[in-house]
Amino acid sequence: MLQRFLDPGVLASLASLDLVAKTVVDGFISGLHRSPDFGFSQEFAEYRSYNPGDDLRHVDWNVFARSERMYLKRYRGETNCQVNVLLDTSGSMKYGSKGLEKLEYAKFLCASILYLAHLQRDAAGLVVFDDEVRNFVAPSTKQGQLHRLLHAVEQAQPGKRTDITRPFAHLMDFLRRRGMVAVISDFWEAPERVIEAVQPLRFRGNEVVLFHLLDPEEIKPKLRHPVMLEDLESGETMEVTPDYAAKEYRQKMQAHMDDIEARTKGAGMDYFLVDTSRPLDGALREYLALRTGRL
Amino acid sequence: MGFLTPWFLAGVIGVGLPVWLHLLKRHKTDPRPFPSLMFFERREQSSVVHRRLDYILLFILRAAMLVLLALLFAAPYINRSRPKATGQRLVVVAVDHSFSMRATQGGESRLDKAKREAQDILSKVPATNAAQVLALGGQVEAMTQQTNDPEALRAAVVSIQPTDGRASYSELARFARTLAESSKMPLEVHLVSDLQKSAMAAFNDVRMAGDTTLIVHPVGGEIPNWTVENVVAPTHVYDPKRVRITATIAGFAAPAAKRNVSLVLNGKPVQMKQVDVPANGRAQVEFLELPVSYGFNKCEVRIDSADALPGDDSFAFSVERLDPKKILFIDNGRGAKAELYLHTALVDASADAAFQIETQRPENVANASLNGYALAILNDPTTLPPGLEANLQTFVNGGKGLLVVLGTSSAALPKVPVEDDVIDTTRYAGREREIFLTISSFEGGHPVLKGVGRMDGVRFYQVTHVTPVKGHALATLNDETPLLLERQIGEGKVLVFASPLDNSVNDFPVHGAYFVPFVQQVATYLGGSGAEQPVNLVVDQYVELRTGESKNTAAEVLDPDGKRLLSAQEATTAKTYPVSREGFYEVTTATGKRSQVAVHADRRESDLAVIPKETLDLWQGTGSGGAGGEGTGAAAGGDSKIPWSLSPFLLLLLLGVALAESVVANGYLRPPAERPVIRKEAA
């Protein structure tokens, strides 16, 4: 039980990512998500009026016998769902103000989601990207799939990126079936470009969740003296004063987060801000509660 | 404006430190990684301005502190005009009346010429100007106060008399500096002198004050002069036939010449010799025998030079004829060799034969009076007859001296007679094995051991070991055995020599270079009656009249003319008296000891060489008034400046800047307060 309150920094010291994922996710098995597909399984969902062209095999003939009206009987899908996690490994993910880099935290989060999906018999897949798609594990429920996924997560290394739209354009080639897509990134892009890049996934019927991963120093930088800052992605340097960081930057950053959240929800997607100073189990709990509420 | 120590201005380079800290160092800080700079605006200008605005005040204050510190160390000053209260100068006329001014040229002495020159100077002094007349000899003598009265000034010049003292320009400079300080007026110093080179001192000593003008008026130049420079003669004569007197005849700027040198005793020439004095050189004359009578004798060495300064052609010295001092040698008949060695060292080898030795057996002097002896030597004592030790103790207590020589028989004694330290044992070292003892430590400054030193090569084979409890070890052998001990008993002294004075168990007596001076110094030390008055002095030296103990008894000093020099009060209180002229003084100290003191002029006055012109120019340049021309005396109202230090103001300024820097730095370097930022929590 105590491990539920462990700080992510402590978890980082554990060598086995597999163990870490189990430890963190254990206890949330009741949070099974549902597939967005409506199929013909055992769980009844609703009746719908027959329209010309519908498959006559789905007509409820008992109702027709009693009322002489044709209704189609629909059932709710269960686990036949693809869960894809899109892990951003751009250069900015290398940042960490308290010893734990954002990428490490993102790996824990990614592994936890994949483990959860694996427990649910979902076909879990992984896409690692920066300015290109760096690694791709196709969704599958085959034996050994979890290990393949975790291995891919472990192998992820920070790269570069200046443009988010390019890798997402390629992602469309890999994600053909509808399912759930979790995007883990710090989204250091203009909100409209983020939405522009991610929105096609939603258009294809995917359930899209954006995990916006940020370090507390990114949200509220604390500077005592004017310092020279270096952009981890572009290498550009700029002199910043404490006064600017304390006032204008924070306002702009807050506006940026608010804008992304608003645009994400406006596009029918979920937005979830993850502060890397928070314990990972707390973030997962919030995520599941969010999904349960929606479904 | 100027700086007393301008080299400290190099400290201004230290301003580079805050420049580096504030401007350069911050530009070179390592970039700090940050995920993205998309929300930071490139506002380089505003950032730099911000930094400069934030820190420029701190930088200015720190730089100002360093500059002020460097300025403070450089001791800046500004020249301010001296307040011209009177607009006048004080004219000081210093007339040299030292011994050399007795020299005559053209039938007129230098002093007369100097006095005439001084009168001329005073006649040019405006009536509104104050003036003062000084006489420069061994000391500077103010002949008048600062006055406007020309008659008083002229009378003062007339009253200046020749002296036998030695001129010192450093004394004049010191007087002038003091006068400039006290009078608050610019000085115009006129030095009327023969400008002897020997009167010059180091420049730091002769420098004039900043507002003093030095004008020199030379009288006379360098002329040939012969003199009796020095005479070496005994102060006490015990045997007139064994006297040796050596005189040095010197010629300054003089050609080679033959000079007749005569020895004059109580006004009558007793010997005469001729000597060849080389050009600018010296020659020595030696006189043997001096037929002096008992008591004090006035002696002189004279030359027959016909030069311009006849005063230095004779050299006076005083000689006292005395009977030899009697030494009581107490021996039981076994110390014949020791007596022989002592007699050889004290009588035969002595230049003046100041002592004669009388040998007595212990039992003969056990109860006899010892008053006629200057000192006693107790040689190799064994068991003393009754009464001898007490008799010797009385003898020593009365202020006489005793030398106890511990020989081979003394080891049986429990303690040293009279001296009373315990005899422990006897230290032996075998001659056959060449194992011997040598002196390892000694008090070289003691009168007995002066010049004797470590006695290198002297071997001691047997020494009586005495533990020095009451006495004090003066010399110690290399096995820590004391060889020579001293103890003060009453008014007298006892010396203990822990080895015989024959060569039975040491070879000390055969080392004449050590033995003879040692024995003579022991005899002089024990047989003398304390420090004696020096009887040959230079003018302006002092005779000692009393020590601290004798206050109520009167002393007396008679000058060469027989005049009493001490007042009644001085006779009972004065400790010393300066002798100011050549000749023979009769001095009676407070203890009643009478002596005759011969006084002669400092022979550096005989060298009439003149200060080189370059040196003179430098000297005149030490005062800001510089070298005067002929002297106006009316240079009144000159724009004289005095340095005014700015250091106190800089110090106050530095203090203020330091306080301001503390306040500003405290404001800047305090961690910024966290400012609340309104943000929306993530849903």
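Q: In the hairpin of β14(B) and β15(B), which residue takes a positive phi?

A: The model is a predicted one. The residue is B:Asn266, with a phi near 50 degrees, in a hairpin that has two residues between the strands. One of the residue pairs is B:Ala257 with its bridge partner B:Val277 in β15(B).

Q: With which other strand does β14(B) pair in the antiparallel sense over five bridges?

A: In a regular strand, side chains alternate between the two faces of the sheet. The strand concerned is β17 (residues 295-303) of chain B. There, B:Ser262 stands opposite B:Arg302.

Q: How many residues of strand β14 of chain B are buried?

A: Seven of the nine residues in β14(B), which spans 257-265, are buried, and the strand is described as mostly covered.

Q: How is the hairpin of β26(B) and β27(B) to be read, and what is the phi of B:Glu480?

A: This hairpin has four residues between the strands, and B:Glu480 takes a positive phi near 70 degrees. Strand β27 (residues 482-489) of chain B runs antiparallel to β26(B), and four bridges join them. Within this pairing, B:His472 stands opposite B:Glu486. β26(B), residues 472-477, also pairs in the antiparallel sense with β24(B), residues 439-442, over three bridges. B:Ile439 has B:Leu477 as its bridge partner in β26(B).

Q: Which residues touch the most other members of the largest nonpolar core?

A: The general idea is that in soluble globular proteins nonpolar side chains tend to be buried together. In this model the largest nonpolar core has 43 residues, of which B:Leu403, B:Phe460, B:Phe497 and B:Phe518 touch the most other members. The greatest contribution to this core, seven residues, is from α10(B). A second, separate core has 41 residues, including A:Met172, A:Trp188, A:Val208 and A:Leu273.

Q: With which residues is B:Phe460 in contact, leaving aside its neighbours within four places in sequence?

A: Among them are B:Phe436, B:Leu437, B:Leu483, B:Phe497, B:Val505 and B:Phe508. B:Ile439 and B:Leu477, the bridge partners already named, are also in contact with B:Phe460. Two further contacts are B:Ser499 and B:Asn506.

Q: How many cavities of 30 Å³ or more are counted, and what is the volume of the largest cavity?

A: Rolling a probe the size of a water molecule over the atoms shows where empty space is left. Here the count is seven cavities of 30 Å³ or more, and the largest cavity has a volume of about 70 Å³.

Q: Which elements of chain B each supply at least two residues of the lining of the largest cavity?

A: They are α7 (336-348), β21 (375-379) and α10 (512-527) of chain B. The largest share, four residues, comes from α10(B). The lining includes B:Leu403, B:Phe497 and B:Phe518, and these three residues were also named among those that touch the most other members of the largest core.

Q: Where is A:Phe187 found, and is it buried or exposed?

A: A:Phe187 lies in the loop between β7 (179-185) and α7 (191-203) of chain A. It has a positive phi of about 50 degrees although it is not a glycine. A:Phe187 counts as buried because its relative accessible area is 0%, and the cut-off is under 20%.

Q: Where is B:Val418 found, and what is its phi?

A: B:Val418 is in the loop between β22 (401-405) and β23 (423-428) of chain B. Its phi is near 65 degrees, a positive value in a residue other than glycine. With a relative accessibility of 1%, B:Val418 is buried.

Q: What separation do the C-alpha atoms of B:Ala658 and B:Ala64 have?

A: They are separated by 9.2 Å, while the two residues are 594 residues apart along the chain. B:Ala658 lies in helix α13 (residues 647-669) of chain B. Its relative accessible area is 26%, so B:Ala658 is partly exposed.

Conventions. Residues numbered from 1 in each chain as written. Chains lettered and ligands numbered in written order. Predicted model: local features only at pLDDT ≥ 70, side-chain atom pairs only at ≥ 80, totals over all residues. Heavy atoms only, no water. 1 Å grid on protein atoms, 1.4 Å probe; cavity = no way out; pocket = protein on both sides within 12 Å on 5 of 7 lines; lining within 4 Å. Points joined across faces, edges and corners; volume = space filled by probe spheres on them. Core = buried A, V, L, I, M, F, W, Y, C linked by side-chain atoms within 4.5 Å. Buried < 20%, exposed > 50% of the residue type's maximum accessible area, 1.4 Å probe, protein only. Contact = heavy atoms within 4.5 Å. Pairing = 2+ DSSP bridges.
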